[in-house]
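The following paragraphs go through a model of two protein chains. They take up the interface, then one chain as a whole, and then a single residue.

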Amino acid sequence: MSNSDSGTYVSYLDYEGKHKGLMGWLLTTDHKRIGLMYLYCVIVFFFVAAIIGELMRIELIAPGETIMKPQTYNGMFTIHGIIMIFVIVIPALPAIFGNFFLPILIGAKDVAFPKLNLFSFYLYLIGAIFGVLSQFIGGGAPDTGWTFYVPYSAESSTNVIYALVAAFILGFSSILTGLNFIVTIHRMRAPGMGWFRMPLFPWSLYATAWIQVLATPIVGITLLMVIAERVLKIGFFDPALGGDPVLYQHLFWIYSHPAVYIMILPAMGIVTEIFPTFSQKPVFGYTAILFSSLAIAFIGYFVWGHHMFTAGISYGSRWFFSFLTFLVAIPSAVKVFNWVSTMYGGSIDLKPPLLFAIFFIFLFMIGGFTGLTLGSVATDIQVHDTAFVVAHFHYIIFGGMGFATFAGIHYWFPKMFGRMYNNTLAYTSSIVLFIGFNMLYFPQFILGIQGMPRRYFDYLPQFQTGQVISTIGGFILFAGLLIMVGNLMWHARRGVQAPANPWNGVTLEWQIPSPPPHENFDEIPEITHAPYLFGTGSDNKTI
Amino acid sequence: MFSGASNMAEGVDRAFVFIFSVAAVFIVGISIFMIYTLIHFARKKGKPARQFEGSIKLEILWTVVPLILVMMMFHYGWSGFKNMRKVPADAMNVTAIGRMWQWEFDYGNGMKSKELVLPVNKAVRVNLKSVDVNHSLFIPAFRVKEDVIPGYENYLWFIPTQVGDFEILCTEYCGLLHSSMLSKAVIKEQADYDNWFKTFKASAVKNEPDGYLLMRNTGCFACHSIDGTKLVGPSFKGLFGSQRDVLRGDKKITITADESYIKNSILNPDADVVAGFNKGLMKSYKDILKDADIKTITDYLKTLNQAK
């Protein structure tokens with residue numbers, strides 16, 4: 001193992017292989033460079049979708065038309081959803097941190113199929129470009145919502161087909177990445193790294209990868225069926241053609257509910273790496289966290305019906321899906337208890353990554369408990385398709401997955417770029433983001449319970465107070481984003497040089513220089529103990 | 001905590017209160033514990049981290065306790081719901097018809113009202129019917145909501161327990177004016193309801209022209225008024241025979257609104273778009289309206305002119 005930071009090695013950022021300069025990036029098969037290319041794309045698309053979100057918030061500051069027409073608003077919540085879901089939250093964590101750190105964390109030089117990995121990236125880029133194109137050509141921006149519910153999506157005269165094709169291509173990218181990771185984890189762990197010596201972020205990627213591989217094809221074929229419906233008038237889903245609109249909802253959610261776990265499992269994996277490092281003590285309940293990931297991935301396949309409690313589905317299936325939805329809450333609760341216990345008794349250094357991770361726990365708890373309101377049939381009847389649901393999934397996806405991503409980028413930034421960011425700015429941005437986030441989304445819980453539906457361009461006057469608070473929160477949140485991204489981008493090149501192990505972490509990424517050399521390890525390490533072994537006080541126990 | 005106005009409210013609200021109470025205890029409790037941990041175990045020289053890796057007892061405890069709690073939540077959620085699918089035999093029947101972008105309530109025999117007028121304390125079954133895309137009938141004060149899906153026979157039922165006006169909203173996204181697809185549930189004392197129904201019955205039987213009925217059932221009036229009001233599309237008032245400034249492709253031309261213009265506008269709505277309105281909002285009615293229907297409509301539009 002090399003722990004040299006004396007500058008005698010060539011980092012992956014400076015490495016020159018067959019191709020140089022820009023081509024050295026565009027044609028790279030280095031998992032770390034591919035990870036960074038995903039990162040830059042995600043930042044660009046995230047700002048596009050976030051600005052669209054802000055525009056919607058401005059529109060909703062007062063009832064009636066404020067800055068845009070209803071058709072524009074409908075197009076905006078559609079593309080906001082498509083970009084955020086298909087281009088950002090589903091691919092981001094596996095594609096950025098999975099690519100960059102999975103091989104390093106298991107002691108490998110790269111993923112199993114480096115060329116396939118680059119191909120996934122280009123599929124991703126093509127899919128994302130199709131998504132953006134759908135806004136600008138032909139019949140106008142798609143206005144179906146990211147859920148593409150038939151019959152409306154079969155009839156809308158807008159560019160629905162472009163958006164469907166975009167989601168289809170992005171799905172393929174996701175499947176290939178998942179496949180690549182499964183093979184990598186099975187075949188490329190360093191000698192001595194048995195399954196139960198593998199760190200928990202790779203474990204969460206493993207659970208995620210199976211969902212990507214098994215569930216994504218279902219949405220792929222479903223989207224193709226909608227295209228066939230529009231082009232060939234086949235009649236799968238549109239009752240005017242003899243089809244069944246509820247069948248579409250089943251097929252869509254069979255993928256799109258497990259997709260929520262594609263988003264959140266790697267996020268849980270990231271914070272699971274952060275708590276032990278900043279507490280300087282092993283993960284509490286390694287086995288429990290590991291099996292809860294697998295349990296979430298497994299049970300998560302069987303709860304899709306809770307998106308359809310009001311769709312006239314049978315009495316029995318409402319019982320079944322409600323019951324299973326409550327079961328899937330248990331492994332998430334187990335994780336929260338284990339994270340908190342990991343900090344207990346530690347030597348805690350509240351650095352920005354840990355602060356973000358703690359905000360993650362808080363927001364994830366609110367998102368999780370409000371999810372139970374949606375799993376319980378009686379209460380779901382009241383809040384289904386209202387602002388409550390919007391608040392709930394933003395707490396899970398943005399408060400959960402988003403804040404875990406922020407935690408992850410602050411945790412691994414020194415390793416990825418070999419530089420340190422400014423701590424004061426990082427603390428400031430985390431607190432501004434936390435305040436803005438809660439102001440933006442918490443009022444929407446209350447609006448939803450009072451009966452404010454989602455996807456509403458206009459609303460009844462009694463809902464205005466909550467909408468105004470929410471819009472102000474949106475601006476604060478956006479300011480926090482700018483501070484955070486500014487801090488990181490500025491210091492990626494100009495920051496103080498980072499040591500190999502700034503946080504005193506024990507997993508493999510901290511045993512190699514920052515930034516890592518081209519193929520990570522001079523020689524493949526031998527693993528002789530469990531992954532989270534701090535100090536010398538412990539008895540070197542392997543689980 | 002909430003103000004419910006139907007027999008469903010109690011069960012729903014009880015489930016809300018139980019889930020939110022458990023949530024509050026856990027969120028506050030865990031947050032306080034985290035803050036305590038952060039302060040008490042903050043990094044200090046000479047106070048190393050204690051190296052322990054887990055506890056089977058604790059894992060069992062925090063699997064079993066949440067399991068019991070969520071099963072209780074499931075129980076409250078289910079018992080608040082199960083009544084919602086069991087309509088009493090003596091319930092009165094009304095059919096709610098959802099179309100882009102208005103509600104209509106059919107009391108039978110072609111008697112249709114824009115508002116859902118009902119007597120208090122009497123069970124009502126609302127049958128849900130869509131003539132175009134998915135909608136969802138939501139009455140927040142009554143805690144009822146069911147989707148209105150074309151080709152499906154869904155329903156909901158409730159007993160209103162308070163006299164007054166209550167919002168009806170559409171909660172399944174249905175296109176351009178989804179957020180304007182509103183109505184009211186008007187709950188009256190039995191005697192007031194009987195009076196209303198008498199007047200309603202008398203006015204509903206009034207013969208409307210065929211063209212008007214056809215256009216109402218097709219949904220034309222959601223976007224086009226007949227009194228000159230500007231909606232999503234141009235009004236039909238004074239349309240027939242007038243000079244229209246339209247965009248054909250990118251070219252602005254003026255044409256006379258005659259029979260062939262009206263037919264073309266129904267079949268190819270984007271061919272000639274009246275200046276000041278947007279294209280792409282209206283679908284073609286090619287497979288929906290026959291030539292004879294279009295003639296009926298045109299004849300009716302002519303009468304709108306004479307009335308002026």
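In this predicted model, 78 residues of chain B are in contact with 94 residues of chain A. Between them, the two chains bury about 7,500 Å², and carbon and sulfur atoms give 69% of that area. On the chain B side, Arg43(B), Glu53(B) and Tyr173(B) supply 12% of the area buried against chain A, more than any other three residues.

Arg43(B) also takes part in a salt bridge: its partner is Asp349(A), and the closest N and O atoms are 3.7 Å apart.

Several elements of chain B make up the side that touches chain A. Helix H1 (9-40), helix H2 (56-82), strand E7 (144-148) and strand E9 (164-170) of chain B each supply at least two residues to this side. H1(B) gives the most, with 16 residues. Sorted by class, the side of chain B that touches chain A has 47 nonpolar, 15 polar and 16 charged residues.

Now to chain A on its own. Chain A has 16 helices and 0 strands. Its C-alpha atoms fill a box of roughly 65 × 50 × 45 Å along the principal axes. Chain A has a radius of gyration of 23 Å, which agrees with the value near 24 Å for a compact globule because that is what 543 residues would give. Of these 543 residues, 67% count as buried. Among the contacts in chain A with a separation of 6 or more, residues 24 or more positions apart account for 81%.

Where in chain A is Pro453(A) found? Pro453(A) lies in the loop between helix H15 (423-450) and helix H16 (464-494). Its relative accessibility is 1%, and therefore Pro453(A) counts as buried, the limit being under 20%. Along the chain, Pro453(A) and His384(A) are 69 residues apart, while their C-alpha atoms are separated by 8.4 Å. Leaving aside neighbours within four places in sequence, Pro453(A) is in contact with Asp385(A), Thr386(A) and Ala387(A) in chain A, and with Leu169(B), Cys170(B) and Thr171(B) in chain B.

Notes:
Residues numbered from 1 in each chain as written. Chains lettered and ligands numbered in written order. Predicted model: local features only at pLDDT ≥ 70, side-chain atom pairs only at ≥ 80, totals over all residues. Heavy atoms only, no water. Contact = heavy atoms within 4.5 Å. Buried area = accessible area lost by both parts, 1.4 Å probe. Salt bridge = Lys/Arg side-chain N within 4 Å of Asp/Glu carboxyl O. Helix = DSSP H or I, 4+ residues; strand = E, 2+ residues; numbered from the N terminus. Nonpolar A, V, L, I, M, F, W, Y, C, P; charged D, E, K, R; others polar. Rg over C-alpha atoms; globule rule 2.2 N^0.38 Å. Buried < 20%, exposed > 50% of the residue type's maximum accessible area, 1.4 Å probe, protein only.
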